[in-house]
Amino acid sequence: MSKHQDRDDERFDAQGNTRPTGSNYIADDQSDDGIDRRGFLRCMAWAGTGMVWGLSGGIPTSFPVSRLPFLTDAQRKSIFFAQISDSHIGFSKDANKDVTATLQQAVAKLNALPQNPAFVLHTGDITQLSKPDEFDTANEVLKGLKTDRVFYIPGEHDVATDNGAAYLQRYGKGANGGGWYSFDHSGVHFVGLVNVLNLKAGGLGTLGGDQIAWLERDVRGLSSSTPVVVFAHVPLWTVYPEWGWGTDDSEQALAHLKRFGSVTVLNGHIHQIMQKVEGHISFHTAMSTAFPQPAPGTAPSPGPMTVEPQRLASVLGVADVTFVPTRGTLAIVDSTLSGQPPAFDAVTHDAMMQKTTARKQLALGPGQVGIDNFNFTPSVLTVKAGSTVTWINKDDVPHLVVSVKGAWKQSPVLDTDQRYTVTLTKPGTYDYFCALHPKMQGKVVVQ
Ligand SMILES: [Cu+2]
């Protein structure tokens, strides 16, 4: 077991999250697997390698992904599954004009591993707008994976139009409720959770009481020494609530997992690598295969981040997860499409400056609400009874307009430049929010 000294304080934010981009440092390696970890991560940014995170009793250990070709047979066989996330098939804006091609590159990356993963987890946002042809394209590409099976859970983009009906029809066979399920592999218990349905105004991701009760029953009979892997789209820890990057009731779900000696939680949604260790539970978010998003709080809003074209492949990627049965440990390797170390730090500042200055000036007429940078403008609109209200999406991501009290029919998914109009006849105050990004809220006052 290694002692891991990655407490380079400037790398940690207020929530204790870290972005493993090269300055984490392993000072004292006491493991006996012949891999020298000492100082490795410190120079990783220059070495051009990826990294492996191992978990032993909740303590991360690591070794360079460049060692993968030199591992023993047993070590190779321990590579047993991989994670793909946020492929957003159908997205075609500046941040990535060809998300199908980058998903294909991710598939090629996994197919080139020394050992085929036994299965692949897709942690949601398979599509951009839940359209049938987007799901078809994703399936077509993922069929090329050299693996036995792909397991899915939905992202909010996959369930936006119909609260998950089409998603469940495709992927929900044998699943419970809104699509959650569990399975066992190589002595590890896997749990796929759904936290993107029935989102409430002002809230974060939600699991709901039914699913949490199911989880409690699901793990009840397991011995505490069983390694558990939980996967869900939105992070199951609070990464950055201002941007909706967290799950309201994750604590209640995780309470049922606290007794286990090794719990690994894999998420997507935020399109960058972040991790956190809490007791025996280790959280990890994967890169997207489609486009990067800014680091928490570094931009006016989340959303696609346009980076220099030559850098794109260094902020997109996959995660390979290795299980070492003799030790009961899990190791996560983040590999970018370029094969270079993740370049989030390098791209974030410039890209965000650009995003800020590129912010559109909305020219709005009376009775119009603009949507830009994850905001409704004006946030309070006052109109006379009998007038129409029109929302215009000027953002590069889709949004939904939903009345909190059901005063009007929920809008369709509004992509860039699309509008939605309602007529309000009764005086009163109407609260609404975006059902894709429930932190986005506004009001219409009818006089
Ligand atoms: Cu939204």
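The following dialogue goes through some features of a predicted model.

Visitor: What pLDDT do local features and side-chain atom pairs need here?

Guide: In this predicted model, local features need pLDDT of at least 70 and side-chain atom pairs count only at pLDDT 80 or more, while totals for chains, interfaces and linings use all residues. Residues are numbered from 1 along each chain as its sequence is written.

Visitor: How many residues does the largest nonpolar core have?

Guide: A nonpolar core is a set of buried Ala, Val, Leu, Ile, Met, Phe, Trp, Tyr and Cys residues joined through C-beta atoms within 7 Å. A residue is buried if 20 or more other C-beta atoms lie within 10 Å of its own, exposed if 12 or fewer, and partly exposed in between, with C-beta atoms placed from the backbone. The largest core here has 106 residues, and A82, L193, V230, A232, L236, V315 and L400 have the most contacts inside it. Helix α3 (residues 99-111) gives the most to this core, with five residues. At least three residues come from each of domain 1 (9-354) and domain 2 (368-446), the bounds being from an automatic or database domain assignment.

Visitor: Which residues does A82 touch?

Guide: Contact requires that the C-beta atoms of two residues, placed from the backbone, lie within 7 Å. Leaving out residues up to four places away in sequence, A82 touches L110, P117, V120, V318, A319, D320 and V321.

Visitor: In what order do the six strands of the open sheet stand?

Guide: Strands of a sheet pair through backbone hydrogen bonds, either parallel or antiparallel. Helices (H or I, at least four residues) and strands (E, at least two) are DSSP runs numbered from the N terminus, and two strands pair if DSSP finds at least two bridges between them. The order is β6-β7-β8-β9-β11-β10, with mixed pairing. β6 (181-185) and β10 (274-278) are at the edges with a single partner strand each, so one side of each has no neighbour in the sheet.

Visitor: Which way do β10 and β9 run against β11?

Guide: β10 and β11 (residues 281-285) run antiparallel, joined by five bridges. V277 has S282 as its bridge partner, and Q275 stands opposite H284. Two residues lie between the strands of this hairpin, where G279 takes a positive phi near 60°. β9 and β11 run parallel, also through five bridges, with N267 partnered by T285.

Visitor: Is β11 enclosed or open, and which way do its residues point?

Guide: In a regular strand the side chains alternate between the two faces of the sheet. I281, F283 and T285 point one way from β11, and S282 and H284 point the other way. Five of the five residues of β11 are buried, so the strand is largely enclosed by the rest of the structure.

Visitor: Where are H269 and N198, and is each buried or partly exposed?

Guide: H269 is in the loop between β9 (263-267) and β10, with phi near 80°, a positive value in a residue other than glycine. H269 is buried, with 31 other C-beta atoms within 10 Å. N198 lies in the loop between β7 (188-192) and α7 (209-220), and its phi is near 55°. N198 is partly exposed, with 15 other C-beta atoms within 10 Å.

Visitor: Which residues does the cis peptide bond join?

Guide: The bond joins T377 and P378, with omega about -5°. P378 lies in the loop between β15 (375-377) and β16 (380-383).
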